[in-house]
Amino acid sequence: MGSIASFAQVFIALSNMPVRLDERLIIKPVLSLGYLVLLILPFAVGYRQGHQIKREGVPTYAPGPNEVVGGFLCGALAGGGLSLLAVLLTHFDLREPLVNWSPILLDLLAFGNATWFAAVIWLVIGGGMGAAGGVLRLLGPRSRRAVVTMVLVVLGVAVLESLVVDLAEGLGLEPLTDRLYARRGGVNWPSAVGLAVVSGLLAVVGRGRFRQARTRVSELEGAKRTQANVGLILLTAAVLIVLPLFAGKLTNELLANVGLFVLLALGLNVVVGLAGILDLGYVAFFAVGSYSAAVLTAATSPKIAPEMPWLVALIVVVIITGLVGLFIGAPVIRMRGDYLAIVTLGFGEIIRLLFLSDWLSGWFGGSQGITNIPAAGIFGLTDVAGTDPRRVFYLVLAFCALAIYVSWRLERSRLGRAWMAVREDETVAEAMGINTVNVKLLAFVVGAVLGSFSGAIFAAKVGSVFPASFLILVSIVILVVVIFGGMGNIIGVIAGSAVLIGVLGGPKQPGLLAEFSEFKLLIYGALLIWMMLARPEGLIPSVRRTRELRQHEMAQDAWLRGEVDDDDGGNGTGGASSAVLP
Amino acid sequence: MNTGQPDPAAPSGPGERGAATPLLEMRSVNAHYGAVHALVDVNLSIYQGELVCLLGGNASGKSTTLKTLLGMLKPTSGEVVLDGEVVNDKPTSYRVARGVTMVPENRRLFKRLTVRENLDLGAYLRTDSDQIAADMEQIFELFPRVKERLNQKSGTLSGGEQQMVAIGRALMANPRVLLMDEPSMGLAPALVQQNFELIQQIHQAGLTVFMVEQNANMALSIADRGWVLQTGRVVLDDTAENLLAHPDLQASYLGTAEQ
């Protein structure tokens, strides 16, 4: 464990992440994001260490000083990687193989002192963090919760700095934020302590309240439960409608970007999550949506003369994208599994190359793209100019609501069930009388149409479209969002977009942690791997999936304990799911 | 679902075929997988109310026969006849809608869907929602265990329960003939016994059953008639009693008989 972390540390250091992130201060002047990245791993390793021992099957596990020692050792081992790196870097010329190495990195590692200092200090820091992890494990659940909340709140407030400042300005609370944050970014040292204390207290006091409320909701029956859910939805909607009024440009821009990806992810969710068709070229529909909206509405677009208002164009866009979905889908659908994924990948690129090609440049402007796309106007009521993120956000919000409703209805429809049957076992689905080809094609088309909404808004928002906006990377990011959030689950998909796109940033759109943008893909990858290991069901799993995964585990556990005979596997685990999601 | 109305007039042996049209029939059907000749001039006829079985070893063409009957594989020549109508060119959904339903081998439930969703999918092509609900109640009567597990993932059920759901799912299609692919496969011996009792029970309730099996003794003990398939050819066609007594049965079933 420790040595793996050690490698990871070296890797992070060598990827130059700490240097780039050093600019961004978390707690001024103590901690920068760069150092934070290096501190997390030893801590996590230390925390996991005790966990590991417990896992290996001692039934009566008693926490003890072992935890701290184990944590210290593991953490030190993790920090040791950096020590070794520091020593190596000074004594050998490693510039050739390690392109990202720089004197700044060494300086950073050594806190401006000599190299031997770096070697020692990282062992100590690693050990310290590891031991802290061990101590955290020793604490009772109550104090552990408090500590975790404290740390998370401070980090959260720091990370969300720009958002908080933006919102505070809208609400007229600048004095507060001025006090909270240092001028060059980062939370002030005293206010960090203050935050920690307040949140820690809140965590202790409010402990269990939230959970109680949740169990109460999940215990509600039938109509009351529905009422509660409707209330929750209305509340969320109200917040989303009111929030932008107070938020500044930055927040709205961010929300609009997240919304665009929510739309895309919901579309892909139908294809991948419900119908089980692994589409790696989903960006094609985003591109087709954008380009057709651009061609239809922009006066500068080379061909089509009568420029349509955006809303009229949208109808045409939907038809076009639907047809393209059919056209691409028809050959693709007949394949299964890996072949299908590869072919969709190919089609995604083909579409982009068509837009890029000289052959069609009369239509799409080749690499110049189409510029001066007018803003989206709806019955002259609103004029959603590209320069006003607030209105764009409202537009996106409206379409998101539509897409959510459609997805939600579809999931519970006969068609949705047929999709899931095809996902589970295509042959048997066919034997049930489901026309698998048609059903899959329909999934493709529905996904395409949802994606085209996003594309059409994107075109009107940005005001120009270029082939370079529709790289394969976009497909992958959307897929990551869907997997990360929880496949086949609407709330999960939204949460996935918010976390990945909002915080880390999309393929071209900066997120809250703009400093991370360079390392976005690295983090995506790490997150995905961690996700597959720790929470295969996704960030917010659908009840359906949790039920499956948990039940399976619990049935196995019960079987292992000899409580349940083989024939009854899975008995009595039905209650496990209810607590997970309302 | 026909389980409510047993059909006393159902012919039960080859002697009683008379002038009645078979419910499902294969007339000198040939089928190929690429260059492989999987079925050679296969003739089968299944009459209303019968419980018949198709026996054969591995790779003898049993599953191919089922696929051809269900329309998932097109015969290269010959005719598949459903209720007097040649259905060679009709898709699977057409045949399912007209009462041909399969219980796939190894049950193959939609594992991540609930039991209820599995049952609903069985009735996918039906629109008579009142009757569907009534049929579901009948399945609960037949298998009370299924009702208890209704909202559970079907993948978490035990083998025996899964078999019940698989049969229930097929019954939800309101079939006239149930095609069962290797009902004994992958089940513990006690469950195999239970499973065959189930099949008998369904049959006695009036449903026509065509099963494909490797376990010849077991299948023939409940069947009226049977065929033995060997490398794509029907080598034996007789009543169950005669087949059981046939000296070549074991040999041909094991695939060691001379061609």
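## Stop 1: a pair of strands and a hairpin

Select strand E1 (residues 24–33) of chain B together with E4(B): the two pair in the antiparallel sense over 5 bridges. Here helices (H or I, at least four residues) and strands (E, at least two) are DSSP runs, numbered from the N terminus, and two strands pair if DSSP finds at least two bridges between them. This is a predicted model, in which local features need pLDDT of at least 70 and side-chain atom pairs count only at pLDDT 80 or more, while totals for chains, interfaces and linings use all residues. Residues are numbered from 1 along each chain as its sequence is written, and chains are lettered from A and ligands numbered from 1 in the order in which they are written.

Within this pair, pick B:Glu25, which stands opposite B:Val81 in E4(B). E4(B) and E5(B) run antiparallel and are joined by 2 bridges.

Now move to the turn. Which residue takes a positive phi in the hairpin of E4(B) and E5(B)? B:Asp83 does, with a phi near 55 degrees, and the hairpin has 2 residues between the strands. B:Asp83 is not a glycine, and its loop lies between strand E4 (77–82) and strand E5 (85–86) of chain B. B:Asp83 counts as partly exposed because it has 16 C-beta neighbours inside 10 Å. The scale runs as follows: a residue is buried if 20 or more other C-beta atoms lie within 10 Å of its own, exposed if 12 or fewer, and partly exposed in between, with C-beta atoms placed from the backbone.

## Stop 2

Select B:Tyr47, in the loop between strand E2 (36–46) and E3 of chain B. Is B:Tyr47 buried or exposed? B:Tyr47 counts as buried, because it has 24 C-beta neighbours inside 10 Å.

## Stop 3: the open sheet

Next, show the six strands of chain B in the order E6-E7-E8-E3-E9-E10, which form an open sheet with mixed pairing. Strand E6 (100–103) and strand E10 (233–239) of chain B are at the edges; each has a single partner strand, so one side of each has no neighbour in the sheet. On average, neighbouring strands are turned by 20 degrees against each other, direction ignored.

Zoom in on E7(B) and strand E8 (residues 208–213) of chain B, which run parallel and are joined by 5 bridges. One bridge to find is that of B:Leu179, whose partner in E8(B) is B:Phe210.

Then bring in the helices. H6(B) packs on the sheet, touching E6 and E7 of chain B, and its direction makes about 170 degrees with that of E6(B). H7(B) lies across strand E3 (51–55), E7 and E8 of chain B, running at about 155 degrees to E8(B). For these angles, axes are lines fitted to C-alpha atoms, for helices over the stretch in contact, and angles run from 0 to 180 degrees between N-to-C directions.

Follow the chain from helix H6 (159–171) towards strand E7 (177–181) of chain B, and B:Asn174 is in the loop between them. Phi of B:Asn174 is near 55 degrees, a positive value in a residue other than glycine. B:Asn174 is buried, because 20 other C-beta atoms lie within 10 Å.

## Stop 4: two domains of chain B

Colour domain 1 (22–99 + 175–259) and domain 2 (109–174) of chain B separately; such bounds come from an automatic or database domain assignment. Their C-alpha centres lie 24 Å apart. How many residues of domain 1 of chain B are in contact with domain 2 of chain B? There are 11, and they meet 9 residues of domain 2 of chain B, where contact requires C-beta atoms, placed from the backbone, to lie within 7 Å.

## Stop 5: confidence

Finally, colour by pLDDT, the predictor's confidence in each residue, from 0 to 100. Chain B has a mean pLDDT of 84, and 89% of its residues reach 70 or more. Over residues 1–17 of chain B, pLDDT stays under 50. Where pLDDT is low, the predicted coordinates should not be read in detail. The model scores ipTM 0.85 and pTM 0.78.

Definitions and conventions. Two residues are in contact if their C-beta atoms, placed from the backbone, lie within 7 Å.
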